[in-house]
Amino acid sequence: MGELSVIAITFTNRCNLSCVHCGREQDLSHCTEKDAAFFINILKEGRTLGANQVNITGGEIFCRHDCFDLIQGAIDLGYFVSIESNGTLITQPSIDRLSSYGDAIRVSISVDGLTAETHDAIRGTGTFDVTMATIQELKKADVPTRIITVLHRQNIGQIPQMARHFVDDMGLGFRLLPNIMEYGKGVYACNTYGIEFDEAMALLEGFYFDFLREKASDNVTLEINVALAPMDINQFCLCPWGKAMVGIGPTGIVSLCHVSYHDERFVFGNLENTSLTKIWNESTMLDAFRNLDTNTLKGVCGNCLAREICRGGCRLHAITKYGDFLAPDPYCQTVYDLGKFPDYALDNDDKDCSF
């Protein structure tokens, strides 16, 4: 069965922004959120199952007045705490407190461009200046900080400068997501802001792959399925869904990951009326994900030599796009349909992998 390693908590659905590519389309801001004490008790139970990392995200977690109760409680339990934020609500007192935690935490801030025009087009007028000021203060306070950037039509020409600025000039981490995920508002954002695979690969092959080789750090990463990157690069953000992670929504719903709790196809139970231990050990739905036979994956994923590593990529993306549990990762399938999937990554390069 394996031990639980990561608990991903969506602490709130509330957010002060309305980003055009947000994975959440539904307005769930009215839902009744559980208090920090509820989540701390769950994290106590999680430790008995082996969990040692908690990812806290939203919405925007700093919309909640008790976010530091959860962060402190998780640290006290021995967790490494990863915090995701848009960076617009983190006050100086909050930065001071984050600084006191040292290496027990990492703060990830979303930045969508290196100019106000580019970033604000995604996140709203005035957000760039506030976010960049927050990043500067986090840096001054020695808070471990990473920048997360989603590649899109407006920022593709800025990525080399962004990566160099944040990593080389500021000494921060950098995580590049080379495509907009097609769920929530991302479905529509792909039409307006999405880029073609050839454009993305031109950036990756012309700059980012070499940048990863140069840095050789797990703090500078790329979120791409293994088969689409050169074999000598291993700085991937591989999601441990099903095997070593569960997501918990703000009302206590347990699901495959932190963005799937509103979809019944991914929900394993509710911590209001059952325990995390029972869900982890006994959920038949979780077991179906955990024990997925990657040889039964359809399309290009079923014929990919990396299928045991990435396990078909994001299942939420695949099921949302194709409506099939065994569907291929949509990005990899698109690359295959374009005739550009690497031959060396195919188990049988004569097999038709259409889907």
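In the predicted model, Thr127, Phe128, Thr131, Met132, Thr134, Ile135 and Leu138 of helix α5 are buried. These residues lie on the same side of α5, because the arc that they cover around the axis is only 155°. On the other side of the helix, Asp129 and Lys140 are exposed. Helix α5 itself runs over residues 127–140, and its 14 residues reach 20 Å from the first C-alpha to the last, which is close to the 20 Å expected at 1.5 Å a residue. The buried residues of α5 pack against several elements, namely the helices α3 (92–99), α4 (116–123) and α6 (159–169) together with the strands β4 (105–110) and β5 (145–150).

Two packed helices are described by the angle between their axes and the distance between the axes. For α4 and α5, the axes come within 8 Å and cross at roughly 105°; since angles of 65 to 115 degrees count as roughly perpendicular, α4 and α5 are therefore roughly perpendicular to each other. In this contact, Ala116, His119, Asp120 and Arg123 of α4 meet Thr127, Phe128 and Thr131 of α5. Sorted by class, the contact of α4 with α5 comprises two nonpolar, three polar and two charged residues.

Helix α6, against which buried residues of α5 pack, also holds Pro160. With a relative accessibility of 27%, Pro160 counts as partly exposed. When residues up to four places away in sequence are not counted, Pro160 touches Leu203 and Phe207. Pro160 and Glu264, by contrast, are 104 residues apart in sequence and 40 Å apart in space, from C-alpha to C-alpha.

Most residues other than glycine have a negative phi, and most peptide bonds are trans. Asp142, which follows α5, is not a glycine and yet has a positive phi of about 60°. Asp142 is found in the loop between α5 and β5, and with a relative accessibility of 62% it counts as exposed. Arg311, likewise not a glycine, has a positive phi of about 55° and is found in the loop between α11 (307–310) and α12 (315–322). Arg311 is buried, however, because its relative accessible area is 8%, and buried means under 20%. Finally, the peptide bond that joins Gly58 and Gly59 is cis, with an omega of about 25°, and Gly59 lies in the loop between β2 (53–57) and α2 (67–76).

Technical notes. Residues are numbered from 1 along each chain as its sequence is written. This is a predicted model: local features need pLDDT of at least 70, side-chain atom pairs count only at pLDDT 80 or more; totals for chains, interfaces and linings use all residues. Side-chain values use heavy atoms; hydrogens and water are left out. Helices (H or I, at least four residues) and strands (E, at least two) are DSSP runs, numbered from the N terminus. The expected span of a helix is 1.5 Å times one less than its number of residues. Buried means under 20% relative accessible area, exposed over 50%, partly exposed in between (1.4 Å probe, protein chains only). The arc is that of the directions from the helix axis to the C-beta atoms. Contact means heavy atoms within 4.5 Å. Axes are lines fitted to C-alpha atoms, for helices over the stretch in contact, and angles run from 0 to 180 degrees between N-to-C directions. Angles under 35 degrees count as roughly parallel, over 145 as roughly antiparallel, 65 to 115 as roughly perpendicular and the rest as oblique. Ala, Val, Leu, Ile, Met, Phe, Trp, Tyr, Cys and Pro count as nonpolar, Asp, Glu, Lys and Arg as charged, and the others, Gly among them, as polar.
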